[in-house]
2 protein chains.
Amino acid sequence: MKRTSLAGDSCPVARALDVFGDWWSLLIIRDASLGRRRFGEFQASLGLAKNILTTRLRTLVERGILKTVPASDGSAYQEYVLTPKGHGIFPILVALRQWTEEFDEHPDEIATIMVDRAKGKPVKKLALLSQDGRVLSATDTTLKLRPAKRARRLATA
Amino acid sequence: MKRTSLAGDSCPVARALDVFGDWWSLLIIRDASLGRRRFGEFQASLGLAKNILTTRLRTLVERGILKTVPASDGSAYQEYVLTPKGHGIFPILVALRQWTEEFDEHPDEIATIMVDRAKGKPVKKLALLSQDGRVLSATDTTLKLRPAKRARRLATA
DNA sequence: CTTGTGTGGTTGCAATATTAAACCGAATGC
DNA sequence: GCATTCGGTTTAATATTGCAACCACACAAG
């Protein structure tokens with residue numbers, strides 16, 4: 001089987017999926033962003049096998065999404081918290097949430113809505129904007145080859 | 001293995017992952033949003049086993065992400081194109097792309113950048129806005145229980 | 001200090017998914 | 001008509017997941 005690795009892929013979507021594109025990682029990250037920190041909290045919340053949770057936490061730490069912190073409630077156990085790189089996944093969670101809110105067949109089964117903490121009102125949909133502020137749809141965008149980074153301070157001739 | 005189904009979960013993130021959260025589906029959707037339509041195009045582009053591609057395409061069709069259209073270049077084969085529900089996944093792809101662009105250890109390996117088709121300039125980062133237009137970070141948001149939909153036209157007393 | 005319990009894992013084994021490769025019929029191309 | 005491509009299906013080998021049992025350590029009570 002050997003899940004083909006996407007780490008060397010040139011597509012940024014594939015590269016992201018290589019890091020947290022498996023069945024559980026994003027749910028662990030979601031839980032972490034909701035404030036869960038302990039092994040037992042994740043296990044109880046997600047209901048996954050403990051050995052799987054162990055390996056997922058380990059690779060998420062290896063990849064810089066989570067870090068372990070020595071303690072928090074005084075006990076000698078460790079906790080798992082998001083790094084900045086892990087917090088950066090937040091917009092992806094929002095996008096997933098909003099897709100379900102818009103397209104799910106049984107939206108009545110969705111338990112929660114995301115609100116602006118200050119006002120308590122639902123957030124707006126994520127919008128993709130151009131540099132001059134227009135809202136862009138998929139068809140308004142295209143991909144360009146990334147310009148090669150020019151070598152600094154090295155003469156090209 | 002029996003991947004535990006997330007379809008009945010009350011979390012919208014989990015529900016989305018249940019639909020296209022496996023190793024290949026999002027990459028197929030990415031390819032479809034780039035205009036690929038044929039079985040062979042997907043297989044060549046992704047390099048996955050053909051039987052897996054077969055089952056993935058079938059479940060994506062079942063779940064309303066893709067639909068088969070009878071032909072397009074006159075040949076008697078069928079093609080796979082995104083439904084509106086499938087096109088709705090676009091912001092998720094953008095969010096994944098932007099996460100890699102911001103946090104990947106080897107950003108020089110990313111081949112493409114997403115640009116505004118009209119102007120050719122890079123798009124801005126997805127922003128989460130409140131109803132009154134403030135940009136929200138993860139800590140500016142919280143989750144609230146979804147208010148139950150009240151039955152229409154039925155007196156509550 | 002000894003027993004008991006909860007936390008945070010590890011280890012086996014059975015079940016399942018992925019892969020690569022062979023095979024195959026129908027549709028095209030020549 | 002003949003070879004090739006397209007779009008799969010089948011098969012066997014291999015990898016991953018899930019479940020359950022086990023285990024070590026920390027901590028608390030006595």
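Contact here means heavy atoms within 4.5 Å. Helices (H or I, at least four residues) and strands (E, at least two) are DSSP runs, numbered from the N terminus. The structure is a predicted model, in which local features need pLDDT of at least 70 and side-chain atom pairs count only at pLDDT 80 or more, while totals for chains, interfaces and linings use all residues. Residues are numbered from 1 along each chain as its sequence is written, chains are lettered from A and ligands numbered from 1 in the order in which they are written, and side-chain values use heavy atoms, with hydrogens and water left out.

**The two chains**

**Covered helices**

A residue is called buried under 20% relative accessible area, exposed over 50%, and partly exposed in between (1.4 Å probe, protein chains only). Among the buried residues of α1(A) are P12(A), R15(A), D18(A) and F20(A). Which elements cover the buried residues of α1(A)? The cover includes α2 (25-33), α4 and α6 of chain A, and also α2, α6 (90-103) and β3 of chain B.

Helix α2 of chain B (residues 25-33) is mostly covered too, with 8 of its 9 residues buried. S25(B), R30(B) and D31(B) are among the buried residues of α2(B). Just after α2(B), G35(B) has a positive phi of about 105°.

**Residues between the chains**

R97(A) lies in helix α6 of chain A, residues 90-103. Is R97(A) buried or exposed? With a relative accessibility of 5%, R97(A) counts as buried. Leaving out residues up to four places away in sequence, R97(A) touches T112(A), I113(A) and M114(A) in its own chain, and P12(B), V13(B) and L143(B) in the other. R97(A) and I113(A) are 16 residues apart in sequence, and their C-alpha atoms are 8.9 Å apart in space.

T112(B) belongs to strand β3 of chain B, residues 112-116. Its relative accessible area is 17%, so T112(B) is buried. Apart from its neighbours within four places in sequence, T112(B) is in contact with P12(A), L143(A), K144(A), L145(A) and R146(A) of chain A, and with R97(B) and E101(B) of chain B. A polar contact is a pair of N or O atoms within 3.5 Å; within protein, one must be able to donate a hydrogen and the other to accept it, and residues adjacent in sequence count only if both atoms are side-chain atoms. The side chains of T112(B) and R97(B) make such a contact, at 2.9 Å. T112(B) and K85(B) are 27 residues apart in sequence and 25 Å apart in space, C-alpha to C-alpha.

**A buried loop residue**

T83(A) sits in the loop between β2 (79-82) and α5 (84-87) of chain A. T83(A) counts as buried at 10% relative accessibility. A polar atom of the T83(A) side chain lies 2.5 Å from the backbone oxygen of G64(A). Residues up to four places away aside, T83(A) touches G64(A), I65(A), L66(A) and K67(A).

A residue is near a strand if one of its heavy atoms lies within 4 Å of it. There are 22 residues around DNA strand C, of which R38(A), K50(A), T54(A), R56(B) and A76(B) come nearest. Of the atoms of DNA strand C that come within 4 Å of the protein, sugar and phosphate account for 61%.

Three elements each supply at least two residues of this surface: α3 (39-46) and α4 (50-62) of chain A, and α4 (50-62) of chain B. With 4 residues, α4(A) gives the most. The residues of the surface divide into 10 nonpolar, 7 polar and 5 charged. In this count Ala, Val, Leu, Ile, Met, Phe, Trp, Tyr, Cys and Pro are nonpolar, Asp, Glu, Lys and Arg are charged, and the others, Gly among them, are polar.

| Side chain | Atom of DNA strand C | Distance |
|---|---|---|
| W24(B) | phosphate oxygen | 3.1 Å |
| N51(B) | base nitrogen | 2.9 Å |
| R56(B) | phosphate oxygen | 2.6 Å |

**Cysteines**

A disulfide is a pair of cysteine sulfur atoms within 2.5 Å. Over all chains, a search finds 0 disulfides. C11(A) is buried with a relative accessible area of 14%, and C11(B) counts as buried at 12%.
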